[in-house]
Amino acid sequence: VVYVSGEMPRVGWLALVFVVATTWLLAGAFEWGWIWVGGGGLFCFAVALVDRYRAGRQIWIPPMVWPFLLWLVMVGTSVLNPSHVVSAGEGFPVDGNRAAEDEVFQPIAHASWLPSTTHAERTLRYGVVWCGVFGLGMALAMTRWHRGEMRLFVGWLFGNAVVISVVGTWFHFTARGFIYGEVKMEGGVAFGSFHYKNYWVAYAMLTLGGAAGVGHLLWKRSVMLYRNEGVIPVVLLGCWIPVTFVLCESRAGVLLTTLFVGWLVIGGVLALVRTSHKGSQRSGGVLRLVVVILFVIGCVVWLGGREQVNEMWRESRQQMSGEKESGRLVIMRDTVEMAKAKPWFGWGLATFSQVYPLFENAALYIRRNGNDGRLQWQARYFEFAHCDWLQFWAETGAVGWVLLVTTPLWWALHCRRRGKLNVMSHWLNVSCGLVLLLACFEFPFGSEAVSLLFACCLVVGGKYALAEAEGRERLHV
C-alpha cells in the first residue's frame, strides 16, 4: 500500500483536473477564462451536490456560506445599478478628470444609496470568477475525504508545479519574456504558464506547503519503520521551485522562500532535538533533510543568481532608506483615497484600473503624445493596487470586504475548533498565510489559477484536520 494512495472521490479528480488545466491554460488569463473558471468551479459544486444527494446525506446551506451569498447579491445589485457608461475614446480628459486608457466615463443616473459599479461588464465577469472559486471550495468541503486521498491530491498539485518550474526554466533561458516561447509578455516578467512572475511565486508557495506536509509525514513514517520512505526525493524536487524565484528576479519570492525555509528549518531542528534520544538513525533523517535544503538552495542561489539577488537587495535597500520612493507605496496611498471616496460599497468589483487614474498621484504620470501630437503628461494605466486588501476595499467597500473574507475565515476557525492539529494542515495553513502576506504588497488574487489553488489548499487543510479528529483513514498512520 502506497502512503499517498487512495481512490479519490469523483469531485477530487474533477477539481484536480480543473486546477491543473487552468494552470496550463495561461493560468486562466485568456479571453474566455472567466467563463472557464466560473463554469468549472460551479460544475464541480453541482457534481458534489449530486454525489451528496445520492449518498443520502443532507443538503443544506451552512451559516458560514451566507456572507458570500450576500456578497454575490451586493455584486449583482451593482451590475444592475451602474454609475457610469464606458465608451471608447481618443483622449483622457473627462470633465477635467482623467479616465483609463482608451476609455471615457460618463456618469449616469443611478441609485446612489445602493451598490453600484463604473464598469458593469468587468464586474459581472469577475463576479463569475469568484463564483467559480467559491464553488470549487464548497465542492471540496462537501465531499468526504480520507487522509490518504488528500495527500494524493496535494501530491499531484505539487508534481504539476515541479513540471511548470522545469518548463519555465527552459523557456527562461531559451525564450525569456515569452509564455511557452510563443506568447510575448511586456517587460519579460512571465514565467512558465504565468504572465506575471509573482503569480507563479504565489502558486508555487501553495504547492510547497502541501509538499512540506507530505514530506513531514513521510519522515515520521521513516522514523517508525527505520527506512527511507521517499523524503529526500520530495525535498530535492521541492528545492528547485524556490530557485526559479531567483531566476525570474522576484523579490517577493525570495522573501517568502526565506520565511518558509526558515520556518521549515526551525521545525526540523526542534524535531531533531525531540528525537535525538531515540537513536541516531531516527534523528539523522531530520539532520539530512535540513542539510539538503540549506545546501541545495544556498549553492544554487549563490552560484546562479548572485547578480539578481544583489540587484534585488540594492533596490529594496534604496526604497527602505528613502533614496528611491517606491511606486507601490504611492499607488497604495492613492488607493486609500479612492476607497475613502466610496467607503461602504466601493466603486465596483474589478473596476480599479478604470477608476484609479482619477486619484493617481502626478508623480506617476508619464510623458507621451496627446491627441494634438504634442508631448504631455498623462496618467499611467495600473491594473492592480499592489495590495489586494486595499483594492478589495476600494472596489467593494467595507461591506463587501467583510462579507468576502468572512466565509473563508469562518471555515478556518471552524476547522481549528472541530479538527485536530496535524503537520499536513499546519504546512498548508503556513503556505496560505504566506500568500495572504504576499497580498499585502502584491496582487496574487488577480490570478485565477492562484485563487483556485488557494481555495483548494484552505479547504483541504481544514478537511484534513477534521478527518484527523474523526480518525477517518484506511491506512494506519
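Arg147 is buried (under 20% relative accessible area, with exposed meaning over 50% and partly exposed in between, for a 1.4 Å probe and protein chains only), since its relative accessible area is 9%. The side chain of Arg147 meets that of Glu468 in a salt bridge, with 2.8 Å from N to O. A salt bridge here is a side-chain nitrogen of Lys or Arg within 4 Å of a carboxyl oxygen of Asp or Glu.

The model is predicted: local features need pLDDT of at least 70 and side-chain atom pairs count only at pLDDT 80 or more, while totals for chains, interfaces and linings use all residues. Residues are numbered from 1 along each chain as its sequence is written, and side-chain values use heavy atoms, leaving out hydrogens and water.

**Salt bridges**

| Pair | N to O distance |
|---|---|
| Arg10 and Asp51 | 2.3 Å |
| Arg147 and Glu468 | 2.8 Å |
| Lys340 and Glu337 | 3.8 Å |

Helices (H or I, at least four residues) and strands (E, at least two) are DSSP runs, numbered from the N terminus. Arg147 lies in helix H5 (residues 147–174) and Glu468 in helix H15 (residues 448–470), so this pair links parts of the chain 321 residues apart. Glu468 is partly exposed, at 21% relative accessibility.

Why are Lys340 and Glu337 separated by about one helical turn? They are so placed because they stand three residues apart in helix H11 (residues 327–341).

**The interior and the whole chain**

A nonpolar core is a set of buried Ala, Val, Leu, Ile, Met, Phe, Trp, Tyr and Cys residues joined through side-chain atoms within 4.5 Å. The largest has 95 residues, and Trp71 and Phe153 are among those with the most contacts inside it. A second, separate core of ten residues includes Met338 and Phe382.

Contact means heavy atoms within 4.5 Å. Beyond its neighbours within four places in sequence, Trp71 touches residues including Trp130, Leu349 and Leu404. Thr123, in helix H4 (residues 120–142), is buried at 0% relative accessibility. Leaving aside neighbours within four places in sequence, the contacts of Thr123 include Val75, Gly348 and Leu349.

The protein chain has 15 helices and eight strands. Of its 477 residues, 52% count as buried.
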